[in-house]
Amino acid sequence: MSHTPRLWTVLSCSMLVASLGAGATACGSKGSPLAARPYDAADQVGFNQKAGSRPVDPGRPLEVTAKGKDGRITDVTVTDTHGRRLAGELSADGDRWHSTTPLAAGVRYTVTVRTEKPDGSPGQRTLSFDTTPAHKLLKVVFGPDAGTYGVGQPITAELSEPVADKAARAVVERALVVESAPRTEGSWYWVDDKKLHYRPKEYWPAHATVSVRSNLEGIQVAPGLHGATGAPLKLEIGDRVEVETDASSHQLTFKRNGEVINTIPVTTGKPGFSTRNGYKVVLGKQYFVQMRGDTVGISQSSSEYYNLPVYYATRVTWSGEYVHAAPWSVGSQGYANVSHGCTGMSTGNAAWFYENIKEGDIVRVVNSIGEDMDPFGNGFGDWNVPWKKWREGSALIAGTPDGSTPADSARLRPRV
């Protein structure tokens, strides 16, 4: 048997309920002792958690020790209610095992200790205990709502408490698991202390299934702060739809799964109201919107003020940028930019666009004299952040080489 220390992973605890391990030995005078059923090692193993009816403090590390010189510990497995393993380390001589990460709060742990006598015969003891519930919880809410989205849709995670410490952020990020079928490389990005975005290196594969869940329940994020139960999320990804609007040629190109299926004459923002350059993600659609200049800072006394009924409106920023029907500017569509920042087209073209676009699809503007799209805060401009810089927004993989790593696998596990 190897005497090399072993590391395991897990979390969780509660009320101590002793449960004896496997039965008596079946050793006889013949045969190898290694083939015997494990004997009850209760007299050979000690725990620093006492049996009783009260849950134990998750802040106290778990320790398992070997009693006397009749045997040594060969393996310790500690698993909580959720199937998570508690990380720990076994001494080289097998006389002590201790946990190396905090226990989870409000869970039950099952500890299985395997031992070995000098003649090689195996023993086992099992112990169960509960940990006290957490007093302060960190909740996480995933977005968007479940449904079907375009290939550009980021995943969001909203936290109930700010998390600024890098080590604490790593705990949170490690527990937020994204599963994708087919598999695609991706990463979380900390937008601020309470918000994370997740996106793949490239767009989601067309027709992928994306599932998101939190493994934070009971886990200590920081002293006095533990993770709460979180609702999982499942998204279906539709066709790969990419829209590009060229503000200089006044043309919108609509591609589905790599094929151009429509080219539409448009008008974009005029000087002083130029449309933002860059990648945007469709936020939603409204058949009718009453658009007023004062909602974007244009005074009613200004000659630029407008108050118009607008149909077939596809929203791409929270500040009010849409792709919509603009029958009043048909004469300029394909020739000049005359809008206040939106992309306008004929009513017929807008109706077609409205029916063929969905939330999460990519809408990119090029060759505008306007500002660049903000990556965060005005919709989803996540795709304007280069992948190398995006990785630097992660608490786990920032500063590591690009490519698949164990940390990546911990957050993005294939379902195939």
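I count two strands as paired if DSSP finds at least two bridges between them. The model I am reading is predicted.

**Entry 1: the chain as a whole**

I looked up the totals before going into detail. The protein chain holds 4 helices and 31 strands. Of its 416 residues, 50% count as buried. I then checked the contacts with a separation of 6 or more, and residues 24 or more positions apart account for 68% of them. The chain exposes about 19000 Å², and carbon and sulfur atoms supply 51% of that area.

**Entry 2: strand E14 and its partners**

I went to strand E14, residues 155-159, next. E17 covers residues 195-200 and pairs with E14 in the antiparallel sense over 4 bridges. I also found strand E12, residues 140-143, joined to E14 by 4 bridges, again antiparallel. Here Val 140 has Leu 159 of E14 as its bridge partner.

Is E14 enclosed or open? I count a residue as buried when its relative accessible area is under 20%. By that cut-off 4 of the 5 residues of E14 are buried, so the strand is largely enclosed by the rest of the structure.

**Entry 3: the sheet E26 to E29**

I traced an open sheet of 4 strands in the order E26-E27-E28-E29, and its pairing is mixed. Which strands stand at the edges? They are E26 (284-292) and E29 (343-345); each has a single partner strand, so one side of each is left without a neighbour in the sheet. Neighbouring strands of this sheet are turned by 35° against each other on average, direction ignored.

Inside the sheet I looked at E27, residues 307-315, and E28, residues 322-325, which pair in the antiparallel sense over 2 bridges. Arg 315 has Tyr 322 of E28 as its bridge partner. Helix H2, residues 347-356, packs on the sheet and touches E26, E27, E28 and E29. The direction of H2 makes about 35° with that of E27.

**Entry 4: a nonpolar patch**

I looked for nonpolar side chains on the surface and noted a patch formed by Tyr 287, Phe 288 and Tyr 311. Together these residues have about 310 Å² of accessible area. I checked how Phe 288 is classed: its relative accessibility is 39%, so it counts as partly exposed.

Note on methods
Residues numbered from 1 in each chain as written. Predicted model: local features only at pLDDT ≥ 70, side-chain atom pairs only at ≥ 80, totals over all residues. Heavy atoms only, no water. Axes fitted to C-alpha atoms, helices over the stretch in contact; angles between N-to-C directions. Contact = heavy atoms within 4.5 Å. Patch = residues over 30% accessible without salt bridge, like charges linked within 9 Å, V, L, I, M, F, W, Y side chains within 5 Å. Areas by Shrake-Rupley, 256 points an atom, 1.4 Å probe, with all protein chains shown as cover. Salt bridge = Lys/Arg side-chain N within 4 Å of Asp/Glu carboxyl O. Buried < 20%, exposed > 50% of the residue type's maximum accessible area, 1.4 Å probe, protein only.
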